[in-house]
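Work through the exercises below with the sequence and the structure in view. Try each task before reading its solution.

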Amino acid sequence: MNNKAFLTRILLPVLKTTLAVVIFTITMLLLFALLTYKFHFSDAIVHTGILLLYFVGNFIGGLIIGKVKEERKFLWGILSGLSYFILLSILSFLMLHQFYISPSSALTAFFCCTAGGFFGGMFA
């Protein structure tokens with residue numbers, strides 16, 4: 001497979017889907033921050049809400065890429081979730097100068113992103 005085919009058949013759909021998931025997640029995180037400010041949610045609810053947003057965003061990403069790619073949809077969903085997790089990890093490192101606070105939080109975020117993409121691809 002040459003570079004142009006790799007770019008157009010694999011990388012471009014994944015990047016477009018990841019961009020859509022990022023836009024959705026940012027929008028929902030802003031709304032969630034407003035609700036947290038207004039209702040004074042506890043830290044446990046905030047943490048759970050953020051992970052739920054990761055899952056739902058990647059579920060939508062899996063649905064999108066599953067509709068675009070009509071075979072092996074669940075693998076495309078996993079790839080979409082994985083690309084979102086990698087982007088999330090890079091941004092976390094740039095902002096906090098560490099990838100995650102603990103290995104368990106990294107594993108939880110990884111699971112939410114990839115599982116969301118997987119199930120989104122399955123339902124596509």
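Helices (H or I, at least four residues) and strands (E, at least two) are DSSP runs, numbered from the N terminus. The model is predicted: local features need pLDDT of at least 70, side-chain atom pairs count only at pLDDT 80 or more, and totals for chains, interfaces and linings use all residues. Residues are numbered from 1 along each chain as its sequence is written, and side-chain values use heavy atoms, with hydrogens and water left out.

**Exercise 1. State which pattern the protein chain follows along the sequence.**

Step 1. Count the elements: the protein chain has four helices and zero strands.
Step 2. Read along the sequence, they give α-α-α-α.

**Exercise 2. Check the radius of gyration of the protein chain against that of a compact globule.**

Step 1. The radius is taken over C-alpha atoms, and the globule rule is 2.2 Å times the number of residues to the power 0.38.
Step 2. For 124 residues the rule gives a value near 14 Å; the protein chain has 15 Å, which agrees.
Step 3. Along its principal axes, the C-alpha trace spans about 50 × 30 × 20 Å.

**Exercise 3. Find the residues of the largest nonpolar core and the elements they come from.**

Step 1. Such a core is a set of buried Ala, Val, Leu, Ile, Met, Phe, Trp, Tyr and Cys residues joined through side-chain atoms within 4.5 Å. Buried means under 20% relative accessible area, exposed over 50%, and partly exposed in between (1.4 Å probe, protein chains only).
Step 2. The largest core has 12 residues, among them Val-21, Leu-51, Phe-85 and Ala-106.
Step 3. Two or more residues each come from helix 1 (3-39), helix 2 (43-68), helix 3 (73-96) and helix 4 (103-123).
Step 4. Helix 4 gives the largest share, four residues.
Step 5. Contact means heavy atoms within 4.5 Å. Leaving out residues up to four places away in sequence, Ala-106 touches Phe-85 and Tyr-100.

**Exercise 4. Is Thr-18 buried or exposed?**

Step 1. Locate Thr-18: this residue lies in helix 1.
Step 2. Its relative accessible area is 6%, so Thr-18 is buried.
Step 3. Beyond its neighbours within four places in sequence, Thr-18 contacts Ser-80, Ser-83, Tyr-84 and Leu-87.
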